[in-house]
Amino acid sequence: MPLDHLLGALERDGSAQAEDLLVQARATVAAIAREADELVARRRADVLGGRETELRGAAQAALGETRRTGRRAVLTARQRLLERVFGAARGLFFEALASEAYRARALPEHLAEALGAVGDEPAVIRCPETLVPAVRAAVARKKHLTVQGDPAAPPGIRVVTTDGAIEVDNTLEGRLDRLRARLALEVLAKLGTSP
């Protein structure tokens with residue numbers, strides 16, 4: 001029996017050693033798998049981080065371009081709107097000249113502004129034929145001024161010194177052009193589309 005005992009002891013030792021080797025092998029495999037997973041995770045993070053940075057940059061660039069395109073479209077639409085508004089205003093100029101309000105209030109003011117710029121210099125006031133009587137009546141006492149009617153003249157008045165040194169465009173078109181920036185802001189504000 002001692003041989004059976006010895007064989008049993010050897011078998012138990014062999015099984016124990018095999019079990020220990022198996023546990024160590026499993027621990028080694030688990031450690032290698034963890035290291036591999038960590039390495040893969042680090043590489044994935046590096047690749048994804050670089051790709052994320054690249055995609056974030058591309059998204060920012062696309063967003064910036066979209067914003068610029070949107071702003072350009074808004075500005076173009078505003079410009080077209082303002083052109084229509086100012087075109088409609090220009091279409092009313094000759095009608096305004098015929099109104100009593102223009103002749104009673106605006107014309108005297110426009111004349112005073114223009115004549116203030118030329119002072120006592122001899123000058124010619126050019127205006128549409130329909131305004132000649134009202135302008136002549138307004139400047140009748142000023143002998144240094146001459147009034148000339150012109151059927152092709154724009155609505156309003158233009159004063160030119162006889163030597164040509166000073167020209168004051170106080171036509172409705174000229175006034176609109178000078179006030180355009182301020183009026184554009186007012187129009188856009190009233191329409192709720194301020195810049």
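Is leucine 115 buried or exposed? Hold that thought for a moment. What you see above is a predicted model. I'll go from the whole chain down to single residues.

Overall shape first. The C-alpha trace spans about 155 × 30 × 25 Å along its principal axes. The radius of gyration of the chain is 46 Å. A compact globule of 195 residues would come in near 16 Å. Buried residues make up 22% of the 195. The chain exposes about 13,600 Å². Carbon and sulfur atoms supply 59% of that area.

Now the charges. There are 29 positive and 27 negative ones. Their mean positions lie 10 Å apart.

Next, the layout. The chain has 5 helices and 4 strands. In sequence order the pattern reads α-α-α-β-α-β-β-β-α. Take contacts with a separation of 6 or more: 60% of them join residues 24 or more positions apart.

Start with helix 1, which covers residues 2-91. Alanine 73 sits in that helix.

On to helix 3, residues 100-118. Two residues here deserve a look.

Back to the opening question. Leucine 115 is in helix 3. It counts as buried, because its relative accessibility is 10%, and the cut-off for buried is under 20%. What does leucine 115 touch, leaving out residues up to four places away in sequence? The list is Ile125, Val139, Lys142, Leu145 and Val159. Pick Leu145 from that list. Leucine 115 and leucine 145 are 30 residues apart in sequence. In space, their C-alpha atoms are 9.4 Å apart.

The second residue is histidine 110, also placed in helix 3. Histidine 110 has 6% relative accessibility, so it counts as buried too. Beyond residues up to four places away in sequence, histidine 110 touches Tyr102, Ile157, Asn170, Leu172 and Arg175.

Now the strands. Strand 1 is residues 123-127, and strand 2 is residues 145-149. Do they run parallel or antiparallel? Parallel, joined by 5 bridges. Alanine 123 has leucine 145 in strand 2 as its bridge partner. That is the leucine 145 that leucine 115 touches. Why is strand 1 largely enclosed by the rest of the structure? Because 4 of its 5 residues are buried.

Strands 3 and 4 are next. Strand 3 is residues 156-161, and strand 4 is residues 167-171. These two pair in the antiparallel sense, over 5 bridges. Arginine 158 stands opposite aspartate 169 in strand 4. Strand 3 and strand 4 form a hairpin, with 5 residues between them. In the turn, glycine 164 has a positive phi of about 75°.

One general point while the strands are on screen. In a regular strand, side chains alternate between the two faces of the sheet.

To recap. The C-alpha trace spans about 155 Å along one principal axis. Leucine 115 and histidine 110 both count as buried. Strand 1 runs parallel to strand 2, and strand 3 pairs with strand 4 in the antiparallel sense.

How values were computed: Residues numbered from 1 in each chain as written. Predicted model: local features only at pLDDT ≥ 70, side-chain atom pairs only at ≥ 80, totals over all residues. Heavy atoms only, no water. Rg over C-alpha atoms; globule rule 2.2 N^0.38 Å. Buried < 20%, exposed > 50% of the residue type's maximum accessible area, 1.4 Å probe, protein only. Contact = heavy atoms within 4.5 Å. Areas by Shrake-Rupley, 256 points an atom, 1.4 Å probe, with all protein chains shown as cover. Lys, Arg positive; Asp, Glu negative; His and termini not counted. Charge placed at Lys NZ, Arg CZ, Asp CG, Glu CD. Pairing = 2+ DSSP bridges.
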